[in-house]
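Trainee: I am new to this structure and would like to go through it with you. Could we take it topic by topic?
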Amino acid sequence: MAVAVSLINMKGGVGKTTLAAQLAHAADRRKLRTLAIDLDPQSNLSQALLSPEKYVKMLKQKPTVAALFEQYLPPSDFSSSPKPVDVQDVILKKAGYWSSTTLDLIPSRLELAHTLKNPTGKERRLARALSKVADEYDLILIDCAPTESILTEAAYHASRYVLVPVKPEFLATIGLPLLARSIREFKYENSDHELDICGIVFNHSSTYSDGPEGATSVNEVEAEARKHGWRVFGTHVRYSASYPKAAREGTPIANTSYVRWEVTNEFSRFVEEFLESVGLSKGKS
């Protein structure tokens with residue numbers, strides 16, 4: 001049965017989607033059957049994994065996560081009337097980098113924003129859909145938008161853990177109390193659902209982050225984490241121009257052109273910390 005992890009921070013600009021894409025590639029490389037889910041109407045994860053060109057082609061051939069929330073497929077060139085949707089209809093197989101990949105993707109599209117206009121009764125639909133395929137995967141990664149909405153609640157219902165990327169800068173902690181309250185309220189209303197933060201990762205660190213302002217931000221985040229009993233990962237994922245290049249090239253960070261060894265080594269160390277935190281540290285042989 002898969003371990004489902006949502007990447008959430010109520011503050012934007014923390015490199016969450018980049019981290020989700022690279023974690024998906026890394027888990028795939030470790031032979032973990034992985035399903036990446038794009039739960040953001042901006043669809044950045046879908047484009048990072050597929051490349052923008054392949055994403056545009058996919059939209060003409062494949063329904064997206066929006067169909068799971070609406071529970072039907074609209075009329076198209078393939079069907080002249082609406083029809084019920086099955087989760088298998090929206091899973092894009094072999095979306096990973098390698099020829100032997102086991103990384104699949106449930107892509108998103110802008111129309112997912114329509115779900116926010118009429119959210120009533122939709123918060124459990126993603127979880128119900130995933131329950132039908134959970135035994136086909138080892139890891140499910142859900143990339144979420146940086147605002148609380150029905151999509152956030154849907155991610156909670158579908159997840160066992162939450163991974164929180166934080167950029168060590170001014171106002172780094174602004175989203176953490178909001179996230180703590182959001183999870184607390186969810187667990188109060190769903191007392192039978194186990195949902196925990198597996199850790200906070202300092203993401204997109206830079207040489208600037210090593211200065212006084214960055215150190216202050218790190219200390220503030222660590223203090224907030226101690227208040228809630230949250231783990232802070234020891235490895236920082238420092239900013240490198242290779243990460244946006246990886247998104248453009250549709251590659252894992254280790255296969256990105258001209259990437260430095262220290263960048264790939266650092267990310268690999270974080271991956272091991274993350275997988276250990278969710279009980280998948282040994283991967284699969």
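Mentor: What follows is a conversation about selected residues and the pairs they form. Please keep in mind that this is a predicted model.

Trainee: Let us start with salt bridges. How many are there in the whole structure?
Mentor: A search of the whole structure gives 14 salt bridges. One of them joins Glu-272 to Arg-30, with the closest N and O atoms 2.9 Å apart.

Trainee: Which residue forms a salt bridge with Glu-224?
Mentor: The partner of Glu-224 is Lys-227, and their closest N and O atoms are 3.3 Å apart. Both residues are in helix H9, and because they are three residues apart there, about one helical turn separates them.

Trainee: And is Glu-224 buried or exposed?
Mentor: Glu-224 is buried, with a relative accessible area of 11%. Lys-227, by contrast, is exposed at 62%.

Trainee: What about Arg-226, in that part of the chain? Where is it found?
Mentor: Arg-226 is found in helix H9, which covers residues 212–228. Arg-226 is exposed, with a relative accessible area of 62%.

Trainee: Which residues are linked with Lys-187 in a network of salt bridges?
Mentor: Lys-187 is linked with Arg-160 and Asp-196 in a network of salt bridges. A further salt bridge joins the side chains of Glu-262 and Arg-260, at 2.9 Å from N to O. Glu-262 is partly exposed at 43% relative accessible area, and Arg-260 is partly exposed at 44%.

Trainee: Changing topic: how many disulfides does the structure hold?
Mentor: The structure holds zero disulfides. For Cys-144, the closest cysteine sulfur is that of Cys-198, 12 Å away, which is too far for a bond. A disulfide would need the two sulfur atoms within 2.5 Å.

Trainee: Are those two cysteines buried or exposed?
Mentor: Cys-144 is buried, at 2% relative accessibility. Cys-198 is buried as well, at 6%.

Trainee: Next, His-193. Where is its place?
Mentor: His-193 is in the loop between helix H8 (176–189) and strand E8 (196–205). His-193 counts as buried because its relative accessible area is 17%, and the cut-off for buried is under 20%.

Trainee: What does its side chain reach?
Mentor: The side chain of His-193 reaches the backbone oxygen of Tyr-156 at 3.0 Å. Apart from neighbours within four places in sequence, His-193 is in contact with Tyr-156, His-157, Ser-159 and Phe-186.

Trainee: And Thr-115, is that buried or exposed?
Mentor: Thr-115 is buried, at 1% relative accessibility. Its place is in the loop between strand E5 (103–106) and helix H6 (125–131). Leaving aside neighbours within four places in sequence, its contacts include Phe-69, Glu-70 and Lys-122. Ile-150 and Leu-151 are also among them.

Trainee: Let us turn to the surface. Which residues form a nonpolar patch there?
Mentor: Phe-170, Leu-171 and Ile-174 form that patch, and together they have about 320 Å² of accessible area. Phe-170 lies in the loop between strand E7 (161–166) and H8, and it is exposed at 60% relative accessibility.

Trainee: One last topic, the backbone. What is the phi of Ser-43?
Mentor: Ser-43 has a positive phi of about 65°, although it is not a glycine. Ser-43 lies in the loop between E2 and helix H2 (44–50), and it is buried at 1% relative accessibility.

Trainee: And what is the phi of Lys-94?
Mentor: Lys-94 has a positive phi of about 50°, and it is not a glycine. Lys-94 lies in the loop between helix H5 (87–90) and E5. Whereas Ser-43 is buried, Lys-94 is exposed, with a relative accessible area of 54%.

Terms used:
Residues are numbered from 1 along each chain as its sequence is written. This is a predicted model: local features need pLDDT of at least 70, side-chain atom pairs count only at pLDDT 80 or more; totals for chains, interfaces and linings use all residues. Side-chain values use heavy atoms; hydrogens and water are left out. Helices (H or I, at least four residues) and strands (E, at least two) are DSSP runs, numbered from the N terminus. Buried means under 20% relative accessible area, exposed over 50%, partly exposed in between (1.4 Å probe, protein chains only). A polar contact is a pair of N or O atoms within 3.5 Å; within protein, one must be able to donate a hydrogen and the other to accept it, and residues adjacent in sequence count only if both atoms are side-chain atoms. Contact means heavy atoms within 4.5 Å. Patches are made of residues with over 30% relative accessible area and no salt bridge: like charges are joined within 9 Å, nonpolar side chains (Val, Leu, Ile, Met, Phe, Trp, Tyr) within 5 Å. Accessible areas come from the Shrake-Rupley method with a 1.4 Å probe; for residues, only the protein chains shown count as cover. A salt bridge is a side-chain nitrogen of Lys or Arg within 4 Å of a carboxyl oxygen of Asp or Glu.
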